Amino acid sequence: MPATSTLLAPSILSADFTRLAASIEIAEKAGADWMHCDIMDGAFVPNITFGPFIVQTIASCTKMVIDTHLMITDPDRYIEDFVKAGSHQITVHQEACTHLHRTVQFIKSLGAKAGVSINPATPVSTLESILPDLDLVLIMSVNPGFGGQKFIPSAIGKIRQLHDMRLEMNPDLVIAVDGGITEDNAGSVVSAGADALIAGTAFFKSQDPAGTAAKIKALTR
C-alpha cells in the first residue's frame, strides 16, 4: 500500500550546486524520503539540466531513494545509464514514449521502480491501460521545464481521479505531484490522494527547510 504519511522529495535542481553535498545533507537531516532529480534535455522541455554523472554524485552522498524524472525525448536511450548511476526509481513522460509498455518493462528489468508522468494538459484517462504495471504516477502541476512556477489548480481534480482509478486497478500505486508545491497547497494535494510531494523552491529556498519538511510530512490522506 502507499505510504500512510506524506513522502517528501526535495528537487535537487533548486539546491545550491556550489554546495551540493551540503544541500543533500540538509534534506537528509530534515527527514526527506527521496531525492528528486529533474533531467531535462532542451528538446522535450525548454531547459537543460544534468546527466547520469551528477546523479551518480548525488547517489554517493546519500542513502535516500534517488527518484529520477526523465523530461527527455526518447528516454529509452538513457534509462540504463541512470539506473547504473544509482537511480532507484525512473519516471518517464507518457508524452515522450512511443511504446510506453515496453519502456516501463525495460525500467523494471533493470531492477528499478517504474513511473510515468503526465503534463497538465494530458488527461489521467490516458494512463488506464498502463496503470496496473506502474509503481508510480507523477502528476505535473506545472508545465515542466523550470522551477518556481505557480501550482495549476486543475491538478487537484486529476489527483482525485487517479486516486479513484488506483483503488480499482492498482492499490499499491504511489501518486506523486510535482510543481508549485508549498505549505499553503500541500494539504489540499494530499487530501486529494497524493502520497509524495516534490518540493524544490519551497524546500531549498526556505529559511527553515527542516520546519517546512516537518509540516509537509505531517500531512496524511
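Predicted model: local features only at pLDDT ≥ 70, side-chain atom pairs only at ≥ 80, totals over all residues.
Eight strands form an open sheet in the order β1-β8-β7-β6-β5-β4-β3-β2, and their pairing is parallel. At its edges stand β1 (7-10) and β2 (34-40); each has a single partner strand, so one side of each is left without a neighbour in the sheet. From one strand to the next, the twist averages 25 degrees.

One point to look for is His69, whose bridge partner in β4 is Thr91. Strand β4 itself is mostly covered, with five of its five residues buried. In a regular strand, side chains alternate between the two faces of the sheet. In β4, both faces are covered: Gln89, Thr91 and His93 are buried on one side, and Ile90 and Val92 are buried on the other.

With a relative accessible area of 0%, Leu70 is buried. Leaving aside residues up to four places away in sequence, Leu70 touches Ile39, Pro75, Ile79, Phe82, Ile90, Thr91, Val92 and His93. For a sense of scale, Leu70 and Ser5 are 65 residues apart in sequence, and their C-alpha atoms are 26 Å apart in space.

Next come the nonpolar cores. The largest nonpolar core has 60 residues, and those with the most contacts inside it are Ile12, Ile90, Val92, Ile139, Val177, Val189 and Leu197. Helix α5 (residues 155-169) supplies the largest share of this core, five residues. Another core lies apart from it and has eleven residues, among them Leu7, Leu138, Val142 and Ala176. Not counting residues up to four places away in sequence, Leu197 touches Thr6, Leu7, Leu8, Ala9, Val177, Ile181, Ala186, Val189, Val190 and Ile216.

Helix α4 (residues 100-109) shows how a helix can have a covered side. Its buried residues are Leu100, Thr103, Val104 and Ile107. Seen down the axis of α4, these buried residues fall within an arc of 100 degrees, so they line one face of the helix. The face turned away from this buried side carries the exposed residues Arg102 and Ser109. Among the elements that cover the buried residues of α4 are α3 (79-84), β4 (89-93) and β5 (113-118). After α4 comes Gly111, which has a positive phi, near 90 degrees.

The last topic is charge. Side chains of opposite charge can pair when their charged atoms come close. The model has six salt bridges in total, and three of these pairs are described here one by one.

Asp74 forms a salt bridge with Arg77, and their closest N and O atoms are 3.3 Å apart. Asp74 is partly exposed, having a relative accessible area of 38%, and Arg77 is also partly exposed, at 48% relative accessibility.

Glu80 and Lys84 make another salt bridge through their side chains, at 3.5 Å from N to O. These two residues are four apart in helix α3, so about one helical turn separates them. Glu80 is partly exposed, with a relative accessible area of 34%, whereas Lys84 is exposed, with a relative accessible area of 64%.

The side chains of Arg166 and Asp195 also meet in a salt bridge, with an N to O distance of 2.6 Å. Arg166 lies in helix α5, while Asp195 lies in the loop between α6 (186-192) and β8, so the pair ties together parts that are 29 residues apart in sequence. What sort of setting does this pair have, buried or exposed? Arg166 counts as buried, at 1% relative accessibility, and Asp195 is likewise buried, at 1%. The cut-off for this label is a relative accessible area under 20%.

Key
Residues numbered from 1 in each chain as written. Heavy atoms only, no water. Pairing = 2+ DSSP bridges. Axes fitted to C-alpha atoms, helices over the stretch in contact; angles between N-to-C directions. Core = buried A, V, L, I, M, F, W, Y, C linked by side-chain atoms within 4.5 Å. Buried < 20%, exposed > 50% of the residue type's maximum accessible area, 1.4 Å probe, protein only. Contact = heavy atoms within 4.5 Å. Arc of directions from axis to C-beta. Salt bridge = Lys/Arg side-chain N within 4 Å of Asp/Glu carboxyl O.
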